[in-house]
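Me: I am new to this structure and would like to learn how to read it. Can we take one feature at a time?

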Amino acid sequence: MENLSRKKGMLAWINARFPLREFLYKHLTHYFAARNFNFWYYFGSFSLLVLANQILTGIWLTMEYTPTATEAFSSIQHIMRDVRLGWLIRLLHTTGASAFFIVIYLHMYRGIIYGSYQYPRELLWLIGMMIYVVLLLEAFTGYVLPWGQMSYWGAEVITSFASAVPWVGKYIVIWLRGDFAVSGVTLHRFFSLHVTAIPLVILFLVFIHLVALHYVGSNNPDGIDIKHDRETKEDVPFHPYYTLKDLTGAVLFLIIFLSIVFYYPGMHGLFLEHENFVPADPLQTPSDISPVWYMTPFYAILRAVPNKTLGLTIMAASIALLFVLPWLDRSPVRSIRYKGIYSKIAICVLVISFVGLGYIGIHSVSPLRTFLAQIFSIGYFAFFLTMPIYTRFETFKKPPEHLTS
Amino acid sequence: MMKGMLLFILMLLSTMVFSQEEISIALEKAPVNIHDTASIKRGAVFFARNCEMCHTMIYLRYDSLAIKSGVLYSRMPINVKTWPLNIRPPDLSLEASRRGVDWIYTYLHSFYLDTQRPTGWNNLLFLNTAMANIFAPYQGQQIRLPLNEVGAKIYSRAYQWYDLLELQTPGSLTPEQFDAVITDVVNFLAYASEPYKIDQEKLGYWVLGFLIILFILIYRLKREYWKKLEK
């Protein structure tokens, strides 16, 4: 420190006035993480990468996009056709939206299988869940902006959910839309929320997610406690080891991501829905309204319940249960590697149910699909609601003292 | 027991056979090629001469290929207020993205004579379509075969449009020539939906090529660092 302060130069000048050196020391070169991070540990850094992509491409899109009912649709085509590389900016943004949810779902799955939500990381998990919910809002408001048929009718359906609130429901719907039906007013306010308010909230939440993470330290695939304040045989400093490893992963991720952007951005109607190539028409309801794939598991739960209010309550509960996960898990071990057979079965049930619900939510209603959606909904809820029982009474393996490689 | 089941299956089949109206046909694969600029231009010329009477192509307003081929914004029916049947023909700039090229290719082949319809035409793929068959002079007039005649022929695959339609009076083009014309039109519509597609493909090679080289370098650097740990 003394040597440094005597040195002349830009860095020394900054370090005398700003804790840059301490920051890098504490959060990169002397932040220790377990050595045995596997495939699942890439998705946290990938989501930061996608977030950066969304913000940068979003800024450029905002330069050319017009948030009015008459201009919105054609301004997107203006971006795609007349703006130099505009198609690239837009396809990075649309593909990025889906990629964001892919990496977030895998990141959450990592947390679930390795018990990353358990003590002392409950708050870390809660902040993460808040990011997820706010991200859903961001995705929803963004999806309305192209002002195609699905944008319009998706907004109509989703804002109408608020009418299920007793007594004041219908007033809330009008308040949300700013009009008696979804209109240019709704579009304009969703634009404002999408480009300013919600991104600010996301950035703040991501920041405190990282603060909380660095305070309690990263979990590991064995789910055992290691020292985070000094180097041992079990851990490595984040920089250069994990910066390089994450960077390697990031380039690989970009290769896959950009292959989609350049060669298959519509993803067969999953990333860019076919009906959304038709401008919004308030007088013509599409035959089949479905949200984008990342919301369909919850949409399928909603449709599986015959009663609308009850369906909405159960749908809300399906997200709320994720928040209380840290308090449902009574297992003395964190990682799935050492949990008992019932936990392993439960996670299989969760994955099958969630993917199944997502698949059903994309497709139109049929009696068989509704029946399957009900089965999968039960599977999804069973994972959470019976968790206090199976995690407590199953026989678990004793985790090792030291990390496995 | 067996008799009952047989009866049940026959009843099921009969409902399938006699529901003339609701039939889903398989889409024929459109042989489009976005690199075939000559074909796209031919399609654009055809569009300008035959389709632009009713259909707009508004997002090609500033597209040089379209303008050179005569698809001009000034000639598009943008301000036409009254339409037959009160249905405004849709803008086709994004039709290929919306429906897919195979859909359009099949649709344009599937018109048949139907005296019940105000236009005199119906379509297998888009039943009761409001569009008149402007392709009749080229393709000829097709009639729809009753399903129970066809049903005996085809059982192992979905119906194609040509299974259910028969050319009654030939048009000015042979079926092969007509296929080629429709391919040009579909190619042009695909171009209209995504005029940036060729740039997209080209840039993609460079970007992915760069990333693959970058990956090799970064992976080796990462391995160099992590190797030290193993000792």
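Reply: Start with contact: two residues are in contact if their C-beta atoms, placed from the backbone, lie within 7 Å. This is a predicted model, in which local features need pLDDT of at least 70 and side-chain atom pairs count only at pLDDT 80 or more, while totals for chains, interfaces and linings use all residues. Residues are numbered from 1 along each chain as its sequence is written, and chains are lettered from A and ligands numbered from 1 in the order in which they are written.

Me: How many residues of chain A are in contact with chain B?

Reply: On the chain A side there are 24 residues, and they meet 24 residues of chain B. Two elements of chain A, α5 (72-81) and α11 (238-263), each give two or more residues to the side that touches chain B. The most come from α11(A), with 14 residues. Helices here are DSSP runs (H or I, at least four residues), as are strands (E, at least two), numbered from the N terminus.

Me: Which classes of residue make up the side of chain A that touches chain B?

Reply: Ala, Val, Leu, Ile, Met, Phe, Trp, Tyr, Cys and Pro count as nonpolar, Asp, Glu, Lys and Arg as charged, and the others, Gly among them, as polar. On that basis the side of chain A that touches chain B has 16 nonpolar, four polar and four charged residues.

Me: Into which domains is each chain divided?

Reply: Domain bounds come from an automatic or database domain assignment. Chain A is divided into domain 1 (1-30), domain 2 (39-219 + 239-289) and domain 3 (296-405). The C-alpha centres of domain 1 and domain 2 of chain A are separated by 37 Å. Chain B has domain 1 (24-195) and domain 2 (196-231), with C-alpha centres 44 Å apart.

Me: How do I read the packing of α6(A) and α7(A)? What are the angle and the distance between the axes?

Reply: Axes are lines fitted to C-alpha atoms, for helices over the stretch in contact, and angles run from 0 to 180 degrees between N-to-C directions. Helix α6 (residues 86-113) and helix α7 (residues 122-144) of chain A pack at about 160 degrees, with axes 11 Å apart. That angle makes α6(A) roughly antiparallel to α7(A); the cut-offs are under 35 degrees for roughly parallel, over 145 for roughly antiparallel, 65 to 115 for roughly perpendicular, and oblique for the rest.

Me: What is the hand of the crossing of α6(A) and α7(A), left or right?

Reply: A crossing is left-handed if the near helix is turned anticlockwise from the far one by less than a right angle, and right-handed if clockwise. The crossing of α6(A) and α7(A) is left-handed. From α6(A), A97(A), F100(A), I104(A) and G111(A) meet W125(A), Y132(A), L135(A), A139(A) and G142(A) of α7(A). By class, this contact has seven nonpolar, two polar and no charged residues.

Me: Is helix α12(A) mostly covered or mostly open?

Reply: A residue is buried if 20 or more other C-beta atoms lie within 10 Å of its own, exposed if 12 or fewer, and partly exposed in between, with C-beta atoms placed from the backbone. Helix α12 (residues 296-304) of chain A is mostly covered, as nine of its nine residues are buried. Those buried residues pack against α13 (308-323), α15 (341-362) and α16 (367-385) of chain A. The axes of α12(A) and α13(A) come within 8 Å and cross at roughly 145 degrees, and the crossing is right-handed.

Me: Why does I198(B) count as partly exposed?

Reply: I198(B) counts as partly exposed because it has 13 C-beta neighbours inside 10 Å. I198(B) lies in helix α10 (residues 197-230) of chain B. Leaving aside residues up to four places away in sequence, I198(B) touches I34(B) and H35(B).
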